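Here are my notes on the model you sent over. Have it open while you read, as I go chain by chain and then down to single residues.

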Amino acid sequence: MIFTSIFFALFFLIVAVFYYALPHKFRWLWILASGIFFYLQSKPTYLLIVTFIILITWYAGLQIGNTTSSKKGWRFYFLAIIANIGILVFFKYTNFFTSSAVDFINFIRQKIFSSTETITNSLLINVIAPLGISYITFQAIGYLIEIKRGNHAAEKNLGHFATFLLFFPKITAGPVERAHNFLPQLKKVKPFEYNNISCGLKQILWGLFKKLVIADRLFIYVSAVLPNAEHHSGISLIIAVVFYVFQMYADFSGYSDMAIGFAKVLGFDVMSNFNRPLLAKSVTEFWRKWHISLSTWFADYFYTPIAIAKRDWGMWSVVYASFTTFIVLGFWHGAYWTFIVFGGLQGFILTIEFFTRKARKNIRKKIPAFLNGLIGITFTFSYFAFSLIFFRANYLTDAFTIIKRIFTANGPIYMENPSIIVFSLLGISFLTLVEVKREYFNNLFTLYDNKNWLIRNCYYCLLLIIILTAGVFDGGEFIYFQF
Amino acid sequence: MDGNEILKQLNEIFNEELDTDDIKLNNRTTANDVDGWDSLSHIQLVVAIEKRFKIRFTAKEIQSWNNIGELIDCINNKLPV
């Protein structure tokens with residue numbers, strides 16, 4: 001059930017109305033029931049897998065929290081972590097591992113035994129991963145680690161815990177919420193507050209705008225050019241790559257805005273996911289502003305423990321931890337070498353930035369602040385755009401073709417339908433304007449939260465009219481649903 | 001060593017490691033208040049603190065401090081009386 005569908009709008013309206021009509025003690029049950037209903041819209045049998053994750057994580061959490069014997073606690077901790085990772089690996093990586101193993105065996109047979117016969121991978125599975133499985137398992141693992149570290153108590157109420165993992169606004173693609181942020185909110189009595197509804201709806205509107213008017217419009221050009229790189233000129237490919245950065249941002253931050261907005265209408269504050277990343281002045285800063293709920297998850301539960309354990313290596317601990325984290329983060333997107341290169345490129349530049357930070361700081365002192373910012377933003381944007389070429393390509397060879405042609409293929413700009421480029425550029429300009437305004441001139445003026453009722457509402461109506469007239473309604477799913 | 005002395009030394013370490021001279025720590029300072037104190041430089045700071053005070057933190061301790069005051073308490077507990 002996609003957020004931009006009429007069916008979801010109706011579903012959400014019913015959920016919200018009954019949610020506020022019900023007394024507090026039944027509300028969690030209603031939220032849980034709506035989460036189950038939402039999940040059943042994908043593939044009903046997969047609800048069994050999610051139920052298994054819920055049960056094992058909840059029970060292990062209780063055992064880790066209650067047991068006085070650290071050995072017993074460790075046992076439950078490991079079992080539950082392995083169960084979660086096992087499910088994730090099975091659905092996302094079985095084909096990658098079996099195919100890589102078969103390729104390796106064929107390679108050895110060919111090279112060492114000069115055999116011309118090849119074996120085929122009979123273990124290929126043809127299954128679609130359960131909806132939101134990465135996000136659900138990551139939240140479950142984070143919950144277990146927090147209890148193991150003694151930072152938070154285990155949740156005693158199975159129903160409340162299930163509601164945390166099955167909270168429908170964040171099921172499909174996050175944010176990767178923390179249990180200790182969500183569960184206290186679930187227990188707290190939440191009166192109907194106009195402010196929550198208004199803030200939530202405004203965020204949903206902006207998210208819809210980003211998805212339907214900007215992202216799905218950019219998708220048209222990007223999907224016409226990048227998969228057919230061999231037929232396009234360097235300049236068209238550059239335009240498509242730049243468009244893809246904005247498409248990705250508008251799509252994923254648009255989704256996140258809607259998820260956060262739906263939660264807000266119901267009175268929940270879930271983690272934010274983006275903080276104007278395209279205005280970051282370094283790639284290090286970029287990763288503090290992009291997919292925040294996942295990058296902080298990796299920082300807390302993956303990067304920091306590695307860096308601490310290896311801290312006697314000095315600076316190399318940071319290099320080692322950064323590379324490992326980003327390669328795993330890349331691999332998390334899918335079992336393809338393109339994602340691993342994408343992650344490796346992030347780890348590489350973070351290391352370079354870490355080693356050169358003092359030198360860069362000295363240079364910065366000699367350059368005017370405005371120019372500094374501009375150089376930083378341009379470099380960060382360009383580097384991220386370059387790494388996204390690998391992210392978008394199906395195979396490494398496709399990515400290399402795009403890069404090669406960017407530098408070598410002369411020719412005109414691909415413009416089958418000029419209006420697509422014009423609308424795309426208008427969308428990008430508007431998004432950039434809003435982001436720059438919010439970053440640098442936030443107190444100067446505001447349309448979104450203008451004190452004047454008429455100005456404020458005219459602006460909402462304008463956005464709505466643009467969505468209805470210029471929105472692309474057949475653009476399909478959000479990019480991050482597949483991960 | 002009293003809390004003020006530890007704070008003074010921490011101030012030196014932070015300015016040295018983050019290559020600046022405008023950091024002024026107090027007990028309530030958090031990572032958000034210090035420019036450049038992020039997850040990458042955190043480990044570097046921890047190593048420098050361990051060297052200066054000749055102590056060793058556990059992984060759990062390193063991840064538990066919410067502000068400089070808690071870091072100072074942790075150092076104080078590890079120093080010989």
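1. Starting with chain B: read along the sequence, the pattern is α-α-α-α. That makes 4 helices and 0 strands, where helices (H or I, at least four residues) and strands (E, at least two) are DSSP runs numbered from the N terminus.

2. Before going further, some housekeeping. This is a predicted model, so local features need pLDDT of at least 70 and side-chain atom pairs count only at pLDDT 80 or more, while totals for chains, interfaces and linings use all residues. Residues are numbered from 1 along each chain as its sequence is written, and chains are lettered from A and ligands numbered from 1 in the order in which they are written.

3. On the overall form of chain B, the C-alpha atoms fill a box of roughly 35 × 25 × 20 Å along the principal axes. The radius of gyration of chain B is 12 Å, which agrees with the value near 12 Å for a compact globule of 81 residues.

4. How much of chain B is buried? The share is 23% of the 81 residues, with buried meaning 20 or more other C-beta atoms within 10 Å of a residue's own, exposed 12 or fewer, and partly exposed in between (C-beta atoms placed from the backbone). As for contacts in chain B between residues at least 6 apart in sequence, 55% join residues at least 24 apart; a contact here is a pair of C-beta atoms, placed from the backbone, within 7 Å.

5. Now the interface. Chain B puts 10 residues in contact with 16 residues of chain A. On the chain B side, α2 (39–53) and α3 (59–62) each supply at least two residues, and α2(B) gives the largest share, 5 residues. By class, that side of chain B divides into 6 nonpolar, 2 polar and 2 charged. The classes are Ala, Val, Leu, Ile, Met, Phe, Trp, Tyr, Cys and Pro as nonpolar, Asp, Glu, Lys and Arg as charged, and the others, Gly among them, as polar.

6. On to chain A, which has 18 helices and 0 strands. Its radius of gyration is 24 Å, close to the 23 Å from the globule rule for 483 residues, so chain A is as compact as a globular protein of that length. The C-alpha trace of chain A spans about 75 × 65 × 50 Å along its principal axes. Of the 483 residues of chain A, 38% count as buried, and 74% of the contacts between residues at least 6 apart in sequence join residues at least 24 apart.

7. Confidence in chain A: the average pLDDT (the predictor's confidence in each residue, from 0 to 100) is 89, and 97% of the residues score at least 70. Helix α14 (residues 357–366) of chain A is lowest at a mean of 84, and helix α6 (residues 158–165) of chain A is highest at 96.

8. Chain A is assigned domain 1 (6–192) and domain 2 (196–470), with bounds from an automatic or database domain assignment. Their C-alpha centres lie 26 Å apart. Between them, 23 residues of domain 1 of chain A are in contact with 20 residues of domain 2 of chain A. The domain 1 side draws at least two residues each from α1 (6–21), α4 (70–111), α5 (133–148) and α7 (179–187) of chain A, and has 12 nonpolar, 6 polar and 5 charged residues.

9. Have a look at helix α15 (residues 369–392) of chain A. Its 24 residues reach 34 Å from first C-alpha to last, close to the 34 Å expected at 1.5 Å a residue, the expected span being 1.5 Å times one less than the number of residues. Its buried residues include Thr380(A), Phe384(A) and Arg392(A). The buried residues of α15(A) pack against α9 (234–265), α10 (283–289), α13 (337–355) and α16 (396–408) of chain A.

10. Finally, some backbone spots to check. Most residues other than glycine have a negative phi, and most peptide bonds are trans. The peptide bond from Gly174(A) to Pro175(A) is cis, with omega near 0°, and Pro175(A) sits in the loop between α6 and α7 of chain A. Arg276(A), not a glycine, has a positive phi of about 50°, as does His291(A) at about 45°. Are these two buried or partly exposed? Arg276(A) counts as partly exposed because it has 16 C-beta neighbours inside 10 Å, whereas His291(A), with 21, counts as buried. Arg276(A) is in the loop between α9 and α10 of chain A, and His291(A) in the loop between α10 and α11 (292–309) of chain A.

Key: Contact = placed C-beta atoms within 7 Å. Rg over C-alpha atoms; globule rule 2.2 N^0.38 Å.
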